[in-house]
Amino acid sequence: MSGALVAIPILPLLAAVVIQLAGLAPRAAARLAVGASAVAGLGALLLLIAVGVDGPIDAVATNSDGSAVIGLVADRVGAILLLLTSVVGLIVQSFASRSLAGDPRATRFHMLAAVLASSTALVGVAATGSGLALAWVATSVTLVALLGHKAPWPAAVRSQRMTARSFAVGDVALLLGVIVAMITVGDVDLRVIGAEAAALDAESVASISALTVVA
């Protein structure tokens, strides 16, 4: 099931790439986005069942000491989040395929919504702190871009700018936390978060526990 774990968040992203590169018309873009979301949702359901029966599933590249370098991991919480994001993505794409009929920017919406579904799913199953942070920032950027769908409508532009400023504060804080962790103990392996927290607590930054600084 490790292959399915990788495929589920990647499917919407692949759909977005095809939509963009092929320059699909809105109706074709909607069909592809909905189809990719439906397959991802079904895969997420099967993955949740597998995790419930067999325990956590991962697809991780590791260092010689076994710590994660890059990859994905799904425990029960992660598998539930993966199913949730996949189903929400399917609902959004299905609704948009009808409500945006005739909208000249519908293709752009379907492409960005697919990227958002992919990045959000990756937030839920990232195996490392750096992977989580990158997926989180990608989610923020994509959501801000989606909020500008009705630009140059002034209300949409104002909402986009306000959201971008708010997200920037949180994203910068998250990135700084990840950087502090990487400098002190290396990239955080989220598969063993308890051990990583203990390692951070044993280090200090300006006489303050590194764990406190990261938190």
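1. The largest nonpolar core has 15 residues, of which Leu-5, Leu-47 and Leu-82 touch the most other members; such a core is a set of buried Ala, Val, Leu, Ile, Met, Phe, Trp, Tyr and Cys residues joined through side-chain atoms within 4.5 Å, buried meaning under 20% relative accessible area with a 1.4 Å probe, protein chains only. Two or more residues each come from α1 (2-22), α2 (26-54), β2 (68-74), α3 (76-99) and α4 (106-125), and α2 gives the most, with five.

2. Beyond its neighbours within four places in sequence, Leu-5 is in contact with Leu-47, Ile-57, Asp-58, Ala-59, Leu-72, Val-73, Ala-74, Leu-82 and Val-125, where contact means heavy atoms within 4.5 Å. A second, separate core of 14 residues includes Ala-96, Leu-112, Ala-113 and Leu-146.

3. This is a predicted model, in which local features need pLDDT of at least 70 and side-chain atom pairs count only at pLDDT 80 or more, while totals for chains, interfaces and linings use all residues. Residues are numbered from 1 along each chain as its sequence is written, and side-chain values use heavy atoms, with hydrogens and water left out.

4. The chain contains eight helices and four strands, taken as DSSP runs (H or I, at least four residues; E, at least two) numbered from the N terminus, and their order along the sequence is α-α-β-β-α-α-α-α-α-β-β-α.

5. Of the 215 residues of the chain, 37% count as buried. Among contacts with a separation of 6 or more, 66% are accounted for by residues 24 or more positions apart.

Notes. Buried means under 20% relative accessible area, exposed over 50%, partly exposed in between (1.4 Å probe, protein chains only).
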